Amino acid sequence: MDSDCRGNPPWLPFCAGFASKNVMSIHGVIVGATGQSPLHSTMSAAISLMLFLLVGVALPADAQQTKPLERVRLTVPAKSLTFIPYYFGKAHSLFAREGIDLEIVVMRPPLGVTALAAGELDYSAAGGLSLRAAMKGMPLRTVAFIQTRLSFSLVGQPGMVPARIKNVSVSGIGSLAHYAALTVMKRLGNEKVAYGSTNTTANSYSALLAKATDAVILSPPYTSMATLAGFPDLGNTYDVRDLQGGLVARVNHIKERHEQVRAMIRATLRSMDALVRNEAEVVAYLQKDFALEPRIAADTYRILRQIVNADGDIEEPVLKNIVDKVRQESGYSAEIPLDRLVDLTLLREVKAEFRKK
């Protein structure tokens, strides 16, 4: 049968007539051989026609499913739970359903942002560093935010109270973890502490176990690993608004490949929505893909649900406050227009599409 008859609605009357004549002639032979009644033959013809049309409608959908996926490269600073929307969405084919074969490339943030600006990668998930790069003039824009609340907790040695803390280990001086430590210690009324860098959150966790520090700043899953082992959680920053992960692209890429950008945004939003709605599925995924024990996976999910930014958006006053803080830390005196740093146009178009469905 001609492909136009299968998939193009304007041709359906012609195709139906073609099918009916052929089906009737076939059944006419059957009637002559078997002695079935004309009524039975007509009913059989009608059923055959319906099956024919159903198969004809199904074929284009099958053909569409076999269409090759487009390879898209996204860089992340590390395989961490901050970027779980990408890992979870890839594992559950949410990006594939948008026609994207997502390749997640782990790369140190400065190298990742440089490679993105050079066109060697398509997207970056390093929201904070990308924002700073855009401030310096790199043609980068954040098109969605996957986390706008800091996921850090201050965890101390057993029996430790805030007033007794003299030193705190963080993953890096000047990092978001350091900023989180300063914030929590200020809330606890003890700002006379020394901060030491361990380079990674895993190393901070090891320092806590080795009793080499009074307290450390941890993020999931290390927070759950420590607290379930008996180390006290002295305070967290889940209510502190800042940028800890996003979707960043080059300005030209947004203009020239806007449909691909929309597809990335759709898949990311669907992944975040699934993360906050499907506890059992996510906990099972954490056990399998991040090798977490059941209790730790369940407690980690409790934290993730509080900090995943399922909306993908951010309020303008909150964004301005964050930008002003980063600007001051970086030594920029002049105001920086937000549209030099972010472009949420496509995000809001996709959200509008979702609301119509």
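Select K325 and Y179: the charged end of K325 sits over the ring of Y179, 4.3 Å from its centre. A charge is said to sit over a ring if NZ of Lys or CZ of Arg is within 6 Å of the ring centre and within 35 degrees of the ring normal. The model is predicted, so local features need pLDDT of at least 70 and side-chain atom pairs count only at pLDDT 80 or more, while totals for chains, interfaces and linings use all residues. Residues are numbered from 1 along each chain as its sequence is written, and side-chain values use heavy atoms, with hydrogens and water left out.

Next, select K79 and F290. The charged end of K79 sits over the ring of F290, 5.1 Å from its centre.

Rings of Phe, Tyr and Trp (its six-membered ring) pair if their centres lie within 6.5 Å; planes under 30 degrees apart count as stacked, over 60 as edge-to-face and the rest as tilted. Y87 belongs to helix 4 and F290 to the loop between helix 12 (279–289) and helix 13 (294–307), so the pair ties together parts that are 203 residues apart in sequence. Helices are DSSP runs (H or I, at least four residues), numbered from the N terminus. Both Y87 and F290 are buried, that is, under 20% relative accessible area with a 1.4 Å probe and protein chains only (exposed is over 50%, partly exposed in between).

Now select F88 and Y285. With ring centres 5.3 Å apart and planes at 85°, this pair is edge-to-face. F88 lies in helix 4 and Y285 in helix 12, so parts 197 residues apart in sequence are tied together. F88 and Y285 are both buried. Y87, F88, Y285 and F290 form one aromatic cluster.

Then show helix 4 (residues 84–91) with helix 11. How do their axes cross? They come within 9 Å and cross at roughly 95°; the axes are lines fitted to C-alpha atoms over the stretch in contact, with angles from 0 to 180 degrees between N-to-C directions. Helix 4 is therefore roughly perpendicular to helix 11, a term for angles of 65 to 115 degrees.

Finish at L275, in helix 11 (residues 258–277). At 4% relative accessibility, L275 counts as buried. Leaving aside neighbours within four places in sequence, L275 is in contact with I84, P85, F88, V282 and Y301, where contact means heavy atoms within 4.5 Å.

Methods
Helices (H or I, at least four residues) and strands (E, at least two) are DSSP runs, numbered from the N terminus. Angles under 35 degrees count as roughly parallel, over 145 as roughly antiparallel, 65 to 115 as roughly perpendicular and the rest as oblique.
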